[in-house]
Amino acid sequence: MRFTPLESCLLFKHTSLFNMRIGSFELAHNVFVAPMAGVTDRPFRMLCKQLGASYAVSEMVTSRKDLWDSLKTSRRANHDGESGPIAVQIAGTDADMMAQAAVHNIERGAQIIDINMGCPAKKVCNKWAGSALMQDESLAMQIVQAVVDAAMPYEVPVTLKMRTGWRADQRNVVSLAKQAESAGVQMVTVHGRTREQGYSGFAEYDTIAQVKAALTIPVVANGDIDSPQKAKLVLTLTGADAVMIGRAAQGRPWIFREITHYLNHGSSLAPPLVAEVKRLLLQHLQDHYSLYGKHLGVRSARKHIAWYTQGLPGALAFRKTMNTIDDCDQQLRVVAHYFDGLAQLSDRLQPLENTSVLETST
């Protein structure tokens with residue numbers, strides 16, 4: 001990774017881990033995993049927490065009451081065995097429905113409610129949910145206030161995740177963040193891109209810094225954080241209270257301990273042992289099957305396996321084989337065999353190549 005001369009100088013500025021709070025919850029440190037549709041299910045969140053993330057938010061769940069009992073929503077809201085605080089992200093366009101969704105999830109174990117105002121997906125924005133809400137500040141604040149008021153009797157904090165705006169000439173994140181703080185939101189996360197950008201271009205850390213300067217509640221920086229060095233740089237550039245890692249954690253959940261170690265000690269950890277990665281992936285797969293069942297689980301696990309093996313020796317042929325397997329036990333055996341072969345080449349995992357990823361942060 002290359003840094004500008006100024007960025008290189010900023011890396012020498014002291015930045016370390018520190019505890020932070022969301023409402024009554026004190027977190028161990030300030031390195032979080034981002035909510036990602038199709039990725040941050042219960043098995044993935046638990047693995048990220050195991051490997052150093054101090055906080056994780058669920059995939060977004062709908063505010064539509066008629067879908068609450070659907071299999072898809074029930075899986076997304078599954079927190080069995082997960083350590084707290086349990087954070088659930090909700091999405092919708094109607095203030096009353098969002099308030100009801102908050103209460104529904106709180107009564108089923110949610111300890112923090114996060115409002116999705118950042119998802120750029122067309123199928124979400126076409127319904128005026130996600131980042132599309134940033135185009136209508138009045139509606140956005142009606143939703144925020146309704147959710148805060150609904151959660152207040154339960155003493156459950158409400159947080160908000162946003163983009164910088166709908167497009168370059170409509171960057172209104174500072175205005176919305178200030179209104180959200182006044183409404184009672186207790187933490188704001190900013191993905192440093194407009195909705196128009198999607199995941200192209202570069203994150204706007206200067207805009208995140210403006211949000212931080214305008215608020216007294218914690219501000220979390222999200223976007224393009226793909227290494228321990230970048231995490232430190234972003235904390236320095238933005239003044240944010242925490243960083244949230246999304247796409248870089250796909251197939252690399254140990255990035256959280258790499259970042260926490262670097263922020264604490266200023267040195268980099270060695271790549272993980274191949275034997276450890278094998279154990280982690282097999283554990284992840286078994287948890288994945290337990291949530292999705294064998295028929296769907298073996299197929300939906302393929303993307304995770306592809307991320308874990310991206311850029312590794314023989315990965316292309318391995319993935320082609322993997323895509324033909326429809327049996328969980330066989331999938332586990334082939335994965336184990338592949339990593340046993342890697343261990344013959346090196347005891348430690350070789351650094352992953354820079355590649356595009358398939359899922360997106362919400």
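Predicted model: local features only at pLDDT ≥ 70, side-chain atom pairs only at ≥ 80, totals over all residues.
Biologist: Which strands stand at the edges of the open sheet?

Modeller: The open sheet has 9 strands with parallel pairing, in the order β4-β3-β11-β10-β9-β8-β7-β6-β5. An edge strand has a single partner strand, so one side of it is left without a neighbour in the sheet.

Biologist: Now to β8: how many of its residues are buried?

Modeller: V158, L160 and M162 point one way from β8, while T159 and K161 point the other way, and all are buried. In a regular strand the side chains alternate between the two faces of the sheet. Because of its buried residues, β8 is largely enclosed by the rest of the structure, and the count is 5 of the 5.

Biologist: Which residue of β9 stands opposite T159?

Modeller: Let's look at both neighbours of β8. On one side, 5 bridges join β7 to β8 in parallel, and I115 stands opposite L160. On the other, 4 bridges join β8 to β9, also running parallel, and there the residue opposite T159 is M187.

Biologist: What helix makes a β-α-β unit with β8 and β9?

Modeller: β8 and β9 run parallel. The unit that they make with their helix is right-handed. That helix spans residues 173-183 and is α7.

Biologist: And through which helix does the chain cross from β9 to β10?

Modeller: Strand β9 (residues 187-191) and β10 run parallel and are joined by 4 bridges. Within this pair, V190 stands opposite A221. The crossover between the two strands is right-handed, and the helix it uses, residues 205-214, is α8.

Biologist: Which residue in β11 is the bridge partner of A221?

Modeller: V219 and A221 point one way from β10, V220 and N222 the other, and all four of these are buried. β10 is joined to strand β11 (residues 242-245) by 3 bridges, with the strands running parallel. V220 stands opposite A242, whereas the partner of A221 is V243.

Biologist: What angle does the direction of α9 make with that of β11?

Modeller: Helix α9 (residues 228-238) belongs to a right-handed β-α-β unit with β10 and β11. It packs on the sheet, touching both of those strands, and the angle with β11 is about 135 degrees.

Biologist: Turning to the helices, at what angle do the axes of α2 and α11 cross?

Modeller: The residues in α2 that take part are R42, P43, F44, L47 and Q50, and among those they meet in α11 are R279, L280, H304 and Y308. By class, this contact has 6 nonpolar, 6 polar and 3 charged residues. The axes of α2 (residues 42-50) and α11 (residues 274-309) come within 13 Å, and they cross at roughly 35 degrees.

Biologist: Is T309 buried or exposed?

Modeller: T309 lies in helix α11. Leaving aside residues up to four places away in sequence, T309 touches A315, F318, R319, Y338 and F339. Because its relative accessibility is 0%, T309 counts as buried.

Biologist: One last thing: how many disulfides does a search of the whole structure find?

Modeller: A disulfide is a covalent bond between the sulfur atoms of two cysteines. C48 is buried, with a relative accessible area of 0%, and C328 is buried too, at 4%. The search looks for cysteine sulfur atoms within 2.5 Å, and the number of disulfides it finds is 0.

Key. Residues numbered from 1 in each chain as written. Heavy atoms only, no water. Buried < 20%, exposed > 50% of the residue type's maximum accessible area, 1.4 Å probe, protein only. Pairing = 2+ DSSP bridges. Right-handed = clockwise from strand over helix to strand, strands pointing away. Axes fitted to C-alpha atoms, helices over the stretch in contact; angles between N-to-C directions. Contact = heavy atoms within 4.5 Å. Nonpolar A, V, L, I, M, F, W, Y, C, P; charged D, E, K, R; others polar.
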